[in-house]
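Colleague: Could you walk me through this one slowly? I am new to reading structures and would like to go piece by piece.

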Amino acid sequence: MTRENVDATHVLGSAAGAAFVARRCHLVVLEGPRLGERFALDRPRLQFGKGPDNDVVLPDPSVSRTHFEIVEDNGGFLVRDLGSTNGTFLEGAQVREAYLRPGLRLKAGECSLLVELTLERVAVEPGAVERFGTLVGKSPPMRSLFAMLERIAPTDLTVLVVGETGCGKGATARAIHENSPRAKQPFVVVDCAAVARTLIEAELFGNEKGAFTGAFEARAGACERADGGTLFLDEVDDLPLDLQPKLLRVLEERVVQRLGSGRTRRLDLRVIAATKADPSALVGAGKMREDLYFRVAVMTVPIPPLRARVADLPLLVASFLGGDESAWDRMPADQRAELEAHPWPGNVRELRNFVERLRHLGAGAFPPDTLGNLEAARPSFSPARSAPPGPAEVDIERPFKEVKEELVERFERQYLERLLERSGWNIAKAARDAKLDRKYFYDLLRKHGLERQGTPGRGEPGKEPT
C-alpha cells in the first residue's frame, strides 16, 4: 500500500518487546478456485484475474483475464473494475469503483472473496531515548512507546491512542505531529466529548451561511482547518453514531462537505484519534461502528498508566518543576515511598496537580530539605483519605472537563471500595451487585489498583467464588 500501509506492514517485523497493534487487510476466498486462501493487501496496487501476469491469479473461466484491481487510497482500500466481462460486485451490487470495508463480500465471476481486516500485535524493543516531545520516561514501557513513536511520527499513518484519563493521550498526539513532516502545519484538536451534540457536526465539517439557526456566516470546520496538518479527535468514541459514517467518508476519501453546501472539498490531512475505553469493547457494545474502528486503528498505540511506570516519578517531578532534577532526592524517603505506592488513578495529570499543590504550599518554592507540606496536600492526593467530593471542592478556575474527570475518578474508586467491603471482597458478587459486566468490573479494579486485594477463592480476577 502507499506510505500509510507500507509503514504499518514494516513495523510488524519488529523484535520482541512491548506490544502495540497494527491493522492488516486480507481477501479470503469463500467460493471458487483457491478456496480458503488469504491474500494480504500489502502493496500499493494488486491486480486480480485469471491471466498468469496478475498479482493474484483466480483460475476460473468466469473471471476475466484482468478482472479488477485493489489500490490503496488515503489509507483505505479501493476496488476498481478493469472492464471485466461479467462485472465486479460488492455485496451483490455491481460496481465500477468502491471502497472496501470489513465484512463485505467481493465477487468476480463465480469467485467470492471476503474483506477481512485484522489487528496484529507489534513488538517493539525499548529504545535508549527518555524523551519524545514533552513526554518523559525511562521505564521500559515508555522507552518502547518512544521507539514506536519515532517510527510512526514521520509517516502519515492514522493512529489510535488508547489510555486512561490523564495519562497523556493529547501530549502523545501533539508529539507525533511535532515530529512529523507536517510539524509546521496546523494541529487542530476536537474534543468529541466536550462539544454539544447539536454542534459537533458543524464543528467537524463546517457550515455555510444560513445552514441552520444561528449560522450567520460561513465557517470552516476542524477538518478544513487541519488541511495540510493533523486533525486530533480526542474521545472519538463519544462521536454520535449518526455522524460516524460522515467521519468515515472524510477518512476514506479525504473530502469534506460543509453543512448547507452541495459541493465537497479535497483535504490533505493526517488523523490521530484517542479514547480512554477499550475500542473493541465499544464496537461490541454498539457505541462505535466497526468500519470506523478499523479505519482509525491503522496503528493502535497504548499509553501505560502511571502505576505501571513508577520508575518515571523522579523524571516527571523534575519536568513539572522546570528541570529540577534534585527535587526527588530532596524528599524524605517515607514520602517517596508513599508516592511510589499510590495507585495514581488520575495518572500523570494527578501527579502534576499534586506537585502544583506542593509548590503553592511551599510558599512558591520548594524548601531545600523537602518538596513541601505533604500532609496538607494529601486530602486531594489520597482518595482513600478524602471525603466525598461536594460543591465546595469544585475548582472553577480549571477547565470543566479536567475537574469533571477528577471527580468521576474519585467517585469510581470510592464506589468500588465500599462495594467490595460490603461483599467481603468477593469480586464476582460485587460485579453482580453493581450490575456491571464482570470484565468491565475487573478493568475498573485494575484502573484503580484494587485488583490484587481480592482473596483466593473469593473473586480474584478470572476466578469464580467456590
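Colleague: Thanks. To begin with, which residue just after H4 takes a positive phi?

Modeller: Before anything else, please keep in mind that this is a predicted model. The residue you are asking about is glycine 206, which follows directly after helix H4 and has a phi of about 85°.

Colleague: And which residues of H4 are buried?

Modeller: Helix H4 covers residues 197-205, and its buried residues are Ile200, Glu201, Ala202, Glu203, Leu204 and Phe205.

Colleague: What do those buried residues pack against?

Modeller: They pack against two helices, H5 (222-225) and H6 (244-253), and also against the strands E15 (187-191), E16 (230-234) and E17 (255-256).

Colleague: Why would neighbours in a strand end up on opposite sides?

Modeller: That is because side chains in a regular strand alternate between the two faces of the sheet.

Colleague: Which strands pair with E14, then?

Modeller: One partner is E19 (residues 270-275), which pairs with E14 in the parallel sense over four bridges, and another is E20 (residues 299-302), where the pairing is also parallel and also has four bridges. If you look at valine 159, its bridge partner in E19 is isoleucine 272, while in E20 it stands opposite methionine 299.

Colleague: New topic: how much space lies in the largest pocket?

Modeller: The largest pocket holds about 1800 Å³, and of the 46 residues that line it, Val162, Gly163, Lys276, Ala277 and Asp278 lie nearest its centre.

Colleague: What about the second largest pocket, what is its volume?

Modeller: Its volume is about 620 Å³, and among the 30 residues lining this second pocket, Gly168, Lys169, Gly170, Ala171 and Arg349 are the closest to its centre. Helix H3 (169-178) contributes the most to this lining, with four residues, and the lining residues divide into 12 nonpolar, 12 charged and six polar.

How values were computed
Residues are numbered from 1 along each chain as its sequence is written. This is a predicted model: local features need pLDDT of at least 70, side-chain atom pairs count only at pLDDT 80 or more; totals for chains, interfaces and linings use all residues. Side-chain values use heavy atoms; hydrogens and water are left out. Buried means under 20% relative accessible area, exposed over 50%, partly exposed in between (1.4 Å probe, protein chains only). Contact means heavy atoms within 4.5 Å. Two strands pair if DSSP finds at least two bridges between them. On a 1 Å grid over the protein atoms alone, a cavity is a set of points where a 1.4 Å probe fits but cannot get out, and a pocket is an open set with protein on both sides within 12 Å along at least five of seven lines; lining residues have an atom within 4 Å of a point. Grid points are joined across faces, edges and corners, and a volume is the space filled by probe spheres set on the points. Ala, Val, Leu, Ile, Met, Phe, Trp, Tyr, Cys and Pro count as nonpolar, Asp, Glu, Lys and Arg as charged, and the others, Gly among them, as polar.
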